[in-house]
Structure formats: structure tokens, C-alpha cells
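Please read the points below alongside the coordinates; they are set out for a colleague who wants to check individual features by hand.

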Amino acid sequence: MQNLNKPGFEHTWRWFGPNDRITLDQIRQTGATGIVTALHQVPVGEVWTLEAIQERKALIEKHDLTWAVVESVPVSEAIKKQKNNYKEHIENYKQTLSNLAQCGIYTVCYNFMPVLDWSRTNLALTYPDGSQSLMYVYHVFAAFDLFILKRQNAASDYSQEVIDQATKYFGSLNEDQKAELQNTILLGLPGSLEAYTLEAFQASLDEYRHINKDKLREHLIYFLREITPVAEHKGVKLAIHPDDPPWAQLGLPRIVTGYDDLKYILNEVNSPANGITLCTGSLGAGYDNDLVKMANEFADRIHFAHLRNVTRDVDRNFMENNLFDGDVDILNVASLLIKESIRRKSQEHSDYKIPIRPDHGFQMLGDIGLDNYPGYGLYGRMKSLAEIRGMELGLLTSFNKQ
Ligand code: DNO
């Protein structure tokens, strides 16, 4: 049983709502106490009404769970581009934050990635033991960009070596494999198994033609300057999710890729309400990203964490790995987060427990072959959550002895 008065983690689980194959009753058995979810049915840009939030909250509580974190209140493309009715969308966002606070939901994760959320080149990389995970191979991504999307000037974004590898790889694919690659990359919408069509995707990319990194950053800071005072006033903690993978791709700028970006965002809008989601996997895919340094320096602004691991290389290839097997020093990151929770508790913050969730679990055991949203099966995440809880207990015990 979880000791509610102890510092440490709040154990959460992402649930995609009533359409999720995994039920709230099942989640209760995983050891999670908090739910991470969103009102995926509300069109992006519109207000989440009090009634809709309350209804979802009641459903969660009926199963003896709490709605711990919202992931995400999505930021509309209009806001990211500062186009069309973006001002109205920002007002709506503020209203949504107030409504969530009124319902007692205070942690809100969101991202500022243009067009696509996360992307991978293989959604079912099979490990020697038969379990499966997600993978990103840079030249395979380049092959999509160069030969399927045929983006103008794409070649100038890659080295000759990558272009050669991409050409060779693409030449080896049959038509079905090409279609599968396209589908894999264009499946960028959380909670949905639907992919963009190539035409719709290209049209969305075109919209960013004149938005470079500086511009997109300006748009984020503008958005944060608008919404942070409301969040602060209502006690809401905003937690920006880093870009996944943490580099520019397809000509789209990326502005939440590592230490410098996070520092910039936190300093520009220097309010405790403006914080981050420490996603160890998204950031961990960046070869130069030092997660321990980030956890240490940004500790007091970490409002939420996704704990997962990746094995990565300097050429921007990575695969998602078991919690303790990749290149991210999960133990030391967790240790810093727990120390931060102890600090918050000693300073009498009421919300000293840091919500964490397992993320992108392996597809394994009874989940194999089922229609799961990639990375969101039952057993793989249950395994990671159990590992996290054991690690937490060990860390807390050792801190108590010091
Ligand atoms: C992937 C997730 C992301 C994340 C959003 C947050 O599994 O980590 O989809 O939820 O980027 O806005």
C-alpha cells in the first residue's frame, strides 16, 4: 500500500479515455493511483467546459482513482503559427485552465511541436526475447522525407552519407513496406491510430514555411506570457513536454530540445507555474542531453515526469529500451526527483509528491498482436511502473538512513 504521507512519486498511468482498451479497473491493479488523461473529444482550440471535466473526473473517481494530470490540453496550430483565431484560442486555453482548477485538477502537460507529435520509423522492433518496442533510424526517416514526401530542398538537411544510406534503404523496399513506413511516420496524434494523408501533411508543413526557430520561440513565449498569470493565480502548474525526437525535422523548427531550450523557457517566463515535464526518453534521445544535469538544475520547476529509457547514438538513431537498460541514468534522475519531493515536503508544499508515469512500455505478453496505441499496452507499462516503485522505495529507504 502506498503511504500517502511519504514524499516521493505519485504513481500515474496514461489513460486515453473511455475508448481506451485498458480499463480503469485494470489500471487500479497496476499500482497506479493517479490517472493522466485528456478530453480528446474536444476539438483543439475549444474550451473544456466545467461539465465535461466534471463528468470525466467523476468517472475516474468512481474507480477509486484520481485525475492527477492532464496530458495534454493541446495547443492549437493557430497558436503555434499565430494565425487566424489564435487570440480566441488563447482565451479559451485560459478558460480551460480555470475550469480545470475549479475541478481540483492542477497539473497540465502540453507540447509546442509543430504538426507532428512524436515520430518513429518502426513501431514494432522485436527484441531477442520476443517483446517489441519503438525505434527511430535517422536514414529511414530521411528516406521518407526524400523519396515519399519528396519535400523541396530536403536533401540540403542531410549529409551525403545519410542520403546514400537512405537511397540504398529505400531501394530495398517493396510497395507495401513503403506504405508502412509512411503510415508509421504520419501516425503522430496521441490516442489515435489514424495517420495523416500525405497531402494533408504536406499542406500542414507548408504553413510553417516562414516560421523559423526564433519565430516559433517567440510564439511560445507570447503564449506563456498570456496563460502563465492565469495558471499562477489559479494554482495550475504548466508542464511543457519536450520535443520528440529532440531535433528539427522535415523543415519544422523544434524549440524544446534540451538544456538550453528549457533554461530559456523557464527564465523568460520566470514563474513557478511555468514548468516542465521531464520526459527522460524524449530528451534522452538527444546524444548530448544530460538528464541528470537537467533534473538537478530544473528540479523546482519539474511538475511531472515521464520515466523511460532509450539507447541512442551520435547519428540520431535510437530505440526505446527497458527502464534500466538504456543510456539515460534513470536511477540518478529518480534520486534527484525524490530529493526534490523531500525538499517540497519539508517546505510544506501541499503537492510535494511529483507525479510520474511509465511511458512507451514494451509490447509484451498478452498485448502482442492487439491494437494498442504504440507504447501504450498494459503489461510493458505495468512492468515499468513496478520497477519505478521498487526503485523509489529503495531510494527513500536509503535517504532515511542518511
Ligand atoms: C507520447 C507522449 C506525447 C505527449 C505529448 C504531450 O507518448 O509522450 O504524446 O503526450 O507530446 O503533449
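1. In helix α2, the buried residues are Ala 52, Ile 53, Arg 56 and Ile 60, where buried means under 20% relative accessible area, exposed over 50%, and partly exposed in between, with a 1.4 Å probe and protein chains only. These residues lie on the same side of α2 because they cover an arc of only 100 degrees around the axis, the arc being that of the directions from the helix axis to the C-beta atoms. On the other side of α2, Glu 51, Glu 55 and Lys 62 are exposed.

2. A word on provenance: the model is predicted, local features need pLDDT of at least 70, side-chain atom pairs count only at pLDDT 80 or more, and totals for chains, interfaces and linings use all residues. Residues are numbered from 1 along each chain as its sequence is written, and side-chain values use heavy atoms, with hydrogens and water left out.

3. The length of α2 can be checked directly: this helix, residues 50-62, has 13 residues and reaches 18 Å from its first C-alpha to its last, close to the 18 Å expected at 1.5 Å a residue. The expected span is 1.5 Å times one less than the number of residues, and helices (H or I, at least four residues) and strands (E, at least two) are DSSP runs numbered from the N terminus.

4. Helix α5, residues 138-149, has 12 residues that should span 16 Å at 1.5 Å a residue, and its end C-alpha atoms are 15 Å apart, which agrees. Since 10 of the 12 residues of α5 are buried, this helix is largely enclosed by the rest of the structure. The buried residues of α5 include Tyr 138, Phe 141, Phe 144, Asp 145 and Leu 149.

5. Which residues come nearest to the ligand? Of the 16 residues around the ligand, they are Glu 71, Ser 72, Asn 111, His 360 and Tyr 376, a residue being near a molecule or strand if one of its heavy atoms lies within 4 Å of it. By class, this shell has 6 nonpolar, 5 polar and 5 charged residues; Ala, Val, Leu, Ile, Met, Phe, Trp, Tyr, Cys and Pro count as nonpolar, Asp, Glu, Lys and Arg as charged, and the others, Gly among them, as polar. Strand β4, residues 107-111, contributes the largest share of the shell, 3 residues.

6. Oxygen atoms of the ligand lie 2.4 Å from a polar side-chain atom of Glu 71, 3.1 Å from an N or O atom in the side chain of Asp 117, and 2.6 Å from an N or O atom in the side chain of His 360. Taken alone the ligand exposes 330 Å², of which the protein buries 99%; accessible areas come from the Shrake-Rupley method with a 1.4 Å probe, and for residues only the protein chains shown count as cover.

7. The bond from Glu 71 to Ser 72 is cis, with omega near -10 degrees, and Ser 72 lies in the loop between β3 (66-71) and α3 (77-81). Another cis bond joins Asp 244 and Pro 245, with omega about -5 degrees, and Pro 245 is found in the loop between β7 (237-241) and α10 (259-268).

8. Two backbone angles may also be checked. Asn 153 has a positive phi of about 60 degrees although it is not a glycine; Asn 153 is found in the loop between α5 and α6 (160-171) and counts as exposed at 61% relative accessibility. Arg 316, also not a glycine, has a positive phi near 70 degrees, lies in the loop between β10 (309-312) and β11 (318-321), and counts as partly exposed at 32% relative accessibility. For context, most residues other than glycine have a negative phi, and most peptide bonds are trans.

9. Phe 304 has its place in strand β9, residues 302-307, and is buried, with a relative accessible area of 0%. Thr 277 is found in strand β8, residues 274-279, and counts as buried at 1% relative accessibility. The C-alpha atoms of Phe 304 and Thr 277 are separated by 4.7 Å, although these residues are 27 residues apart along the chain.

Notes: Polar contact = N/O pair within 3.5 Å; in protein donor to acceptor, adjacent residues only side chain to side chain.
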